[in-house]
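Here is a friendly walk through the model, meant for someone meeting it for the first time. Have a look at it first, and then read on.

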Amino acid sequence: MPVRMGIFLCDCGGSLKNIDFPKVRENLENLEDIAFVDITHNLCLEEGEKAITSRILTENINRVVIAACSPEFRERNFGELLEKLRLNPGLLSLANIREQCSWAHEGDVTRKALELIMMAVGKARLLQPVERKEVAVNNEVLVVGGGFCGMKSSLELSQLGIRTTLVEREPTLGGKLKKLEGFYSSQIEAMIKAIEKAENIEILTSAEVTGVEGKIGDFKVRMRGTKEILRSFGAIVFATGYKTEVAAGDFPLKPGVNIISQERLVQLLQAPTLEARPETIGFIFDLSDENPRFPTLATLNNALAVKQRWGSEVYVFCKNVKVDSEGVEKLYREAREDGVMFLKFDKNPKISADDGRVKIDAEDTLLGEEIVLTCDLVVAEEKLLPAEGTEGLSSLLKIRTDSQGFYQEENVHLYPVSSERKGIFFVGNCRGDLDLGRVLADISSVVAKVYELLPPGKVIVEAERVKADPQKCVACLTCIRVCPHRAVQLVQVDSEKVVAEISQLACDKCGICAAICPAKAIKFEGYSDDQILAQIEAIGVS
Amino acid sequence: MARDFRETLKTKDFIVTAEAAPTKGSSVERSLEHIELLKDKVDALNVTDNQSSVMRYPSVGICLLIKEHGGEAVLQVTCRDRNRLAIQADLLFAWSRGVRNVLCLTGDSIDVGDHKEAKPVFDLESAQLIHLVHTLNSGKDMAGNELNGGTDFCIGTTATPSADPIEPQLVKVQKKLEAGVDFIQTQAVYDLDELKRFMEFVRKHDQKVKVLLGIVPVVGAKMAQYMNDNVPGIFVPQYIIDELAQAPKGTGITKGVEIAARLIRKAKEEKLCDGAHIMFIGKEERVPEILEAAGLL
Amino acid sequence: MNGEIIAFCCEHSAYAAADVVGKQGLHYPEKLRVIRVPCAGRVDIIHMLKALEEGAAAVLVLGCEDGLCQHLTGNVRAKERVKYSETLLTEVGIDGGRVGMFNLAANAPHKFIKIINEVNDRIKERERENDSR
Amino acid sequence: MIVAERKPIEEILQMIAPYKKVLLAGCGTCVTICWTGGEKEVGILASQLRLARGKEGDKADTVEATVERQCEKEMVEELRDKVDGVEAVLSLACGAGIQTIAEVFEDKPVFPAVNTTFLGSPEGEGVWLENCGACGDCFLDRTGGICPMVRCAKGILNGPCGGTRKGGKCEIDPDKDCGWVLIYRRLEKQGRLDLMRKYYPPKNFRVVKRPGKMQAIKA
């Protein structure tokens, strides 16, 4: 079908004074495949919509160029309008004559505006409709990790009516918070009960994810528990948490009977009987400058618990207590009020063995004097590290980790919970050192994202926005290797030729594959080579 | 008149050989000086074959000079520059002119030398070359033809006891031993424990073969580092580099000589091997100092 | 074409930054022509070469800041391609400085202006050099 | 697959200097896969040539075409119309493709734009590794599937040379593995080191009589 193009020029309510619209129209009207050029005043208002509608209904055009404000504002609306008028939104080409022309320059910019429109016209001539179709997706979500974060995510998803499977490596749910004394563990118990009651949450304990294939809407997940399970999920939420380790490198003495971890301390606290009540207990943190949030919370919580349970002398050696997390300030005050002593140091204290006890020799920066304390028990500083198996899982998922081995870099576009692979999410401490407030924010965020990507029912996708031409594809695997979103896979066509196929659901429309394809087999409709070159060729022609 | 090297190998307790590198060019005066200086101090002079893939006066030419001047020569033959026809022909020539000993090597890569664009031959490699010499010794050529006069070469080869990993090297050494060699001359070894381990391996497979410890004196910390980075098969341990670095300025050579002599003396005293082969390339005139310091003169 | 500057702008960063320039009533040289791309990684070598063939004075690829590409490697690949285009130009005696890659965020209109101005200044300088020759 | 590298541009410019209109012929098979001579590279080279010649005021006219396999006469035949319209052909195919196009269009000067370097396979994104020397006498059964003829810089049988670098790297390049160390490790893993301990006589270099020609059994 020959190109028949309608052009709408919007003068933004007559405010774009440095463009001579009639002159622009005059120049465009002479082009052969132009059906009409309309000057309108407010395409963003109802009158604009009416103007477009009446013209499209009567003129039988098959390309639309709109010269107006930045596509940021109306591109989507114009597309929807076209669709309503039974014109494929893929046939729309925009020229940004406001932000990037009229507003960006002083003086008359008629020539430039005309040129920007000519670029859009050049592109429009080559546009092809992009078919949209409904695809069936699996809306079930797999949540990996049965700690606070995984459980809360599952609960919130289930409340939206999304079927969820919660898989946990350990025999019971609960994770790390269950092991904290006091307030947190009671909350966790309540949560476990709620999950067990929820009808649309399936719990798999003592099970691990061993393989993930496929893509959003249909991840084939292999899990190993008492038996091998292969199931399909629409999305996967990883809430695999973290582990802590005594910061051995920073600690001069090896952990043992007298120098213990937070976890060991909790075991002692929970033990029904205690061999000998420690008279003096020292907590040390901040030896390294990392000062992670979660261990800070644990230290304060446990120092207070020790004080309340055993009534020991409790000293906390620190540089600077990070109280920016939710509830931590309160915890800190409570600890102080209950008699926990905080001693601040600048230079790392000397720690030495002293006849079965541990001597801490520190210079208190507030008092300005040296303090020597002999403790029965020292609870060592802990580092926050990625949970066991994070590395294996990340290579299994082909997802990057940051320099410390946590999932998810702080990429502004993916922040906070998305990953480079659509449908795979990371929440909570498996993506770094977060406090409870931030973890809760992650959870709301992931629930919203899952709902947005996989709403109940079918999902509409652009069937072939980015497409590998099976005739031209030589199956060199380049696109498969370079796709940052793992959206390409090899498929067989006509039961013989093997070619690359791009999943429109998993594809994030970056065009990296189209640029790198050595056979020029991948076309990104709207940003194809010829459409880009047509814009280049239109420059300076007017 | 020097003794037949094969005899020396059989009878002498601690055998000493030295390397003579041919010059680049047709003038052989310097080589002659070295021959005169060393021919009576060592049991044989061993002549390299386009060493480090740098084109030079031919090995066989210097071997003939050594013979003419009453020394005993070991002809080095590499597989890099000649195919099986050329190697056989050259060996027949050498034998006919009195060269009795041949050291079989694969040869360095063309890439490390001064004619990097040349076509590498490597029609054969060292194990196959050893077989080839045995074939000539039996009066036949490789194609099975009877020769009008064969050879009876005493055969040697090389090994790298310091290689990392060592296991693949030992597989190769075993093959060479099985092919049959009279002596092995090692690449430079600075760690005598490595030599010990190597000897254990050799003796497991061959009780008769004589093993000569390869000695490459290093005359400065920088040189040692350079050798580690650039010379194939050489691994100078850090303690030697440190020792050299601590030597006062200008005494590098003396220090290098001292370390070399120390290694030889120890190897001899503790009967770690059957002899030593000294490669003091470009400083051949200082070899007697090493011999003296090692108590071999 | 007549000495225009062509800038392939990633819609997540540079394109938005260019919009902000207009919104704030700031300015850059009129000879800039922006071509919107979904990611700097979409821009291929041939696009840059063709733009120069058509007579562009300079071709820029403007993408997200390092490590912040929405598509992870798009801006890194773009940088590599710009570098390769530079080589291809230098090989045939054309100033490789006529192609360039810059990283900026969507909220960096001043950086956007600075980049374009600097490129424009270089073009002018080159023109002067050529004139005096 | 066949791996090739583009020739230096000066060499190409010199070859086509006398011709105004040139066809750049790509090949859709091996050289496409190794990013050297597919449609994309044809486009880039054509543009580079136009820029280079345009600068000299000698505007080059380029025609671009890529066929599925340039080593097939019938497929090259598709180019006839385009070849008729140009003065010379610049082929981005491997040596086999270049010779086929030269044979099909006997009267036309045909020039190579690439150097065919080796037979290999991808090691990762954009990296290809030589792993077959097309020697005509496959040895891989004895070496755990690693070819000593090309994975070893010297192409020797019977084990490594004495030049192996620390960590099992090659004498000539610390970035490359010693082929024989790889073979050793593979065979060790499989418990088949006996294969490496065997002596292998010199290789038969007469297996393929040059020029090579193969006649498949006609069914």
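Two residues are in contact here if their C-beta atoms, placed from the backbone, lie within 7 Å. Helices (H or I, at least four residues) and strands (E, at least two) are DSSP runs, numbered from the N terminus. Axes are lines fitted to C-alpha atoms, for helices over the stretch in contact, and angles run from 0 to 180 degrees between N-to-C directions.

This is a predicted model, in which local features need pLDDT of at least 70 and side-chain atom pairs count only at pLDDT 80 or more, while totals for chains, interfaces and linings use all residues. Residues are numbered from 1 along each chain as its sequence is written, and chains are lettered from A and ligands numbered from 1 in the order in which they are written.

**A sheet in chain A**

Let's start with an open sheet of five strands in chain A, ordered E14-E21-E15-E16-E17 and paired in parallel. Two strands pair if DSSP finds at least two bridges between them. Strand E14 (259-260) and strand E17 (341-344) of chain A are at the edges with a single partner strand each, so one side of each has no neighbour in the sheet. Further in, strand E15 (residues 280-284) of chain A pairs with strand E16 (residues 313-318) of chain A in the parallel sense, over five bridges. Gly282(A) sits opposite Tyr315(A) in E16(A). Across E15 and E16 of chain A lies helix H9 (residues 293-310) of chain A, which runs at about 165° to E16(A).

**Domains of chain A**

Zooming out, chain A splits into domain 1 (5-130), domain 2 (141-241 + 387-453), domain 3 (247-382) and domain 4 (464-524); the bounds come from an automatic or database domain assignment. Between domain 2 of chain A and domain 4 of chain A, the C-alpha centres are 30 Å apart. Seven residues of domain 2 of chain A are in contact with eight residues of domain 4 of chain A. The domain 2 side of that meeting has one nonpolar, one polar and five charged residues. For these classes, Ala, Val, Leu, Ile, Met, Phe, Trp, Tyr, Cys and Pro count as nonpolar, Asp, Glu, Lys and Arg as charged, and the others, Gly among them, as polar.

**Who touches whom**

Which chains share the most contacts? Of the four pairs of chains in contact, that is chains A and C. There, 33 residues of chain A are in contact with 38 residues of chain C. On the chain A side, H15(A) gives the most, with five residues. That side divides into 15 nonpolar, eight polar and 10 charged residues. Chain B keeps its distance from chain A: no contact joins them, and their closest C-alpha atoms lie 28 Å apart.

**Chains C and D**

A residue is buried if 20 or more other C-beta atoms lie within 10 Å of its own, exposed if 12 or fewer, and partly exposed in between, with C-beta atoms placed from the backbone.

| Chain | Elements | Buried residues |
|---|---|---|
| Chain C | four helices and four strands | 59% of 133 residues |
| Chain D | nine helices and nine strands | 43% of 219 residues |

From the N terminus on, chain C reads β-α-β-α-β-α-β-α. The radius of gyration is taken over C-alpha atoms, and the globule rule is 2.2 Å times the number of residues to the power 0.38. Chain C has 14 Å, which agrees with the value near 14 Å for a compact globule of 133 residues. Chain D has 21 Å, but a compact globule of 219 residues would have a radius of gyration near 17 Å.
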